[in-house]
Amino acid sequence: MFPSDTMFGVFLVSQLCVGVTGNLFLFLLYMHTFSVQRHMKLMDPIFSHLTLANTLTITFTLTPHIASSFGVRRFLDDVGCKAVLYMYRVTRGVSICTTCLLSAFQAITVSPSNSKWAWLKFKLHTQICPSFLFFWIINMLIYIHVIETITATRNLTLVSRAYVHPYCQTRQFGNQNSGTFLSPILIHDLVFVFLMIGTSLYMVNLLYRHHRRAQHLHSSRVSSQTSPEHKATRTILLLSASFGRCLPYLISQ
């Protein structure tokens with residue numbers, strides 16, 4: 001084992017600890033708030049579900065790479081590869097869907113009362129749990145092919161051209177079958193990511209129009225300062241740009 005492998009393993013362990021600890025802390029915080037107050041705000045169940053999905057995604061994707069970087073051989077067999085990669089794909093997809101749901105709910109919540117989306121405000125709380133169930137089912141169906149195509153790597157010195165993983169590889173199929181598998185995944189990721197970007201831009205437009213209407217009420221001293229609308233707009237645009245930059249990576253995984 002080279003020292004660089006050990007350093008990379010330590011780096012991955014730190015990522016795992018920070019990611020899992022941070023998401024679990026937020027999840028437990030929401031659960032504690034619910035146990036004390038006996039009710040949750042509209043967005044709290046979505047945040048809780050998102051932190052749980054993120055925790056599982058980080059665990060399933062980093063654990064095999066950590067074991068490989070520390071020189072562990074045969075960490076996963078066929079069943080282990082199928083289970084770990086399937087759960088990673090499913091939880092990753094659920095995380096994308098939940099983030100899109102959060103963005104959509106925020107856009108509907110801040111929409112004006114005369115908006116065409118206003119009627120949805122009174123039905124949001126009834127759609128949260130069905131949406132979670134739909135996300136899990138649709139992602140479990142989309143990635144079911146992972147169970148059929150993933151096997152453990154027999155020769156650890158051989159890197160599969162179809163999938164890069166320290167312990168697992170994909171069986172080689174024809175181009176037609178590969179397209180059949182990849183098309184639903186590509187459509188799934190594109191639809192939810194672009195919906196997320198669209199709702200974010202909708203909120204930016206609402207904030208801009210609200211700032212224009214309220215601008216004449218501000219004094220010159222306050223107007224010279226950064227308004228809350230501008231701060232919120234920068235945050236939304238930053239998150240949208242982040243997802244846009246991550247889109248090629250999400251699709252390639």
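1. Helices H3 and H4 cross in a right-handed sense, and since this is a predicted model, that handedness should be read as a property of the prediction. The two helices in question span residues 78-110 (H3) and residues 124-142 (H4), and their axes come within 9 Å and cross at roughly 155 degrees. Angles over 145 degrees count as roughly antiparallel, and H3 and H4 are therefore roughly antiparallel to each other.

2. H4 has a further partner in helix H2, which covers residues 44-69; here the axes come within 10 Å and cross at roughly 20 degrees. Because angles under 35 degrees count as roughly parallel, H2 is described as roughly parallel to H4. The crossing of H2 and H4 is right-handed.

3. The remaining pairing among these helices is that of H2 with H3, whose axes come within 8 Å and cross at roughly 150 degrees. That angle makes H2 roughly antiparallel to H3, and the handedness of the crossing, with H2 passing H3, is left-handed. Taken with the points above, H3 is roughly antiparallel to H4 and H2 is roughly antiparallel to H3, while H2 runs roughly parallel to H4.

4. The chain has 253 residues, of which 38% count as buried.

5. Which residues make up the nonpolar surface patch of about 320 Å²? The patch is formed by Val10, Phe70, Val72 and Phe75. Of these, valine 10 belongs to helix H1, which covers residues 3-37, and with a relative accessibility of 48% this valine counts as partly exposed.

6. Phenylalanine 8 is also placed in helix H1, and at 44% relative accessibility phenylalanine 8 counts as partly exposed. The C-alpha atom of phenylalanine 8 is separated by 8.2 Å from that of isoleucine 66, although the two residues are 58 residues apart along the chain.

7. Is serine 68 buried, exposed or partly exposed? The threshold for buried is under 20% relative accessible area and that for exposed is over 50%, so serine 68, at 31% relative accessibility, counts as partly exposed.

8. Finally, alanine 104 sits in helix H3, the helix that was paired above with H4 and with H2. Its relative accessibility of 21% means that alanine 104 counts as partly exposed, which matters for bookkeeping because the buried class requires a value under 20%. The C-alpha atoms of alanine 104 and tyrosine 202 are separated by 9.6 Å, while the two residues lie 98 residues apart along the chain.

Terms used:
Residues are numbered from 1 along each chain as its sequence is written. This is a predicted model: local features need pLDDT of at least 70, side-chain atom pairs count only at pLDDT 80 or more; totals for chains, interfaces and linings use all residues. Side-chain values use heavy atoms; hydrogens and water are left out. Patches are made of residues with over 30% relative accessible area and no salt bridge: like charges are joined within 9 Å, nonpolar side chains (Val, Leu, Ile, Met, Phe, Trp, Tyr) within 5 Å. Accessible areas come from the Shrake-Rupley method with a 1.4 Å probe; for residues, only the protein chains shown count as cover. A salt bridge is a side-chain nitrogen of Lys or Arg within 4 Å of a carboxyl oxygen of Asp or Glu. Helices (H or I, at least four residues) and strands (E, at least two) are DSSP runs, numbered from the N terminus. Buried means under 20% relative accessible area, exposed over 50%, partly exposed in between (1.4 Å probe, protein chains only). Axes are lines fitted to C-alpha atoms, for helices over the stretch in contact, and angles run from 0 to 180 degrees between N-to-C directions. Angles under 35 degrees count as roughly parallel, over 145 as roughly antiparallel, 65 to 115 as roughly perpendicular and the rest as oblique. A crossing is left-handed if the near helix is turned anticlockwise from the far one by less than a right angle, and right-handed if clockwise.
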